[in-house]
Amino acid sequence: MLEASRRWRREGLSIGLVPTMGALHAGHLRLVEGACRENDRVVVSIFVNPIQFGPGEDFDHYPRDPQRDAELLAKAGVDGIYEPTVAAMYPPGSSTLIHVAGVSQPLEGQARPGHFDGVATVVAKLFTAVEPDRAYFGQKDAQQVAVVKRMARDLDFPVEIRVSPTVRELDGLALSSRNAYLTPDERKAAASLSSALRLAAEAYAHGEGKPDRLRQILKERLEAEPLAQVEYAEVVNPETFIAPGSLAVLAVRFGRTRLIDNHDLAKVFPG
Ligand code: AMP
């Protein structure tokens, strides 16, 4: 795979990279579509990155279905799948981590210590391996987007970071490989995330600009759902991830499943 991408580069073809952890769904395929539109060649990486999972998180149970992923990507017209092993990515003795200060600290950074070091490190290694002109990320993981943009700028990667909107189910739930963990009751309750974001966006559109009030709207809607355990519900700046700002960000647990979602309140909530 990497030989092919080197050849494409020599031939002057543009390369789009879509980093994923597999278990692909329509959200991933949205990124792939964008990449296929904007580049001569598209590489999708599939790598469940152990160093971005904390102890007790779901690394061992993370859904994996390489056969189905390969079929979906072939149908989508992808030119290459880069699927390194853990041993190839982190050979014995590997001891360098990339730490993006600032934006990787609050919210997800606080809830998942070390998570963004793992993300920044693996994304930098993927950029070095594939040398893409453009790399595609989902707005669903908004703080990840901010961390990756900062890392790419700070380390002078000549890659354009492209961001695709969040793909949602009919009831508004953002697609996620982790939705598969939800029981039927939790699945119903999980619609409360998008419902809370929609309520806050409507309030914002009607002139509600007070961060405390917007936070309260988010929390009240989530707390009305008995199965939801709110980890955070904040309204932050989309570059720094600290208040004030207009990006509503949520992390909520349903049983053992942790879901995140976000929406820029200055925009109409879709659907
Ligand atoms: P993952 O496989 O979960 O690491 O996700 C790979 C990429 O797909 C990341 O850039 C995610 O932000 C993006 N992604 C995941 N879910 C969605 C979604 N529902 N809509 C759009 N992009 C998504």
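How many of the six residues of strand 1 (residues 15–20) are buried?

## Strand 1

Six of the six are, so strand 1 is largely enclosed by the rest of the structure. Buried here is under 20% relative accessible area and exposed over 50%, with partly exposed in between (1.4 Å probe, protein chains only). Helices (H or I, at least four residues) and strands (E, at least two) are DSSP runs, numbered from the N terminus.

This is a predicted model, where local features need pLDDT of at least 70 and side-chain atom pairs pLDDT 80 or more, while totals for chains, interfaces and linings use all residues. Residues are numbered from 1 along each chain as its sequence is written, and side-chain values use heavy atoms, leaving out hydrogens and water.

## Its two faces and neighbours

In a regular strand the side chains alternate between the two faces of the sheet. Here I15, L17 and P19 point one way and G16, V18 and T20 the other, and all are buried.

Strand 1 runs parallel to strand 2 (residues 41–46), joined by six bridges, with I15 opposite R41. Strand 4 (residues 134–138) is also parallel to strand 1, with two bridges, and G16 faces R134 there. Pairing takes at least two DSSP bridges.

## Helix 10

Over in helix 10 (residues 211–223), L214, I217, L218 and L222 are buried. They sit on the same side of helix 10 because they cover an arc of only 125° around the axis, taken from the directions from the helix axis to the C-beta atoms. D212 and E223, on the other side, are exposed.

The buried residues pack against helix 9 (191–205), strand 6 (228–236) and strand 7 (247–254), contact being heavy atoms within 4.5 Å.
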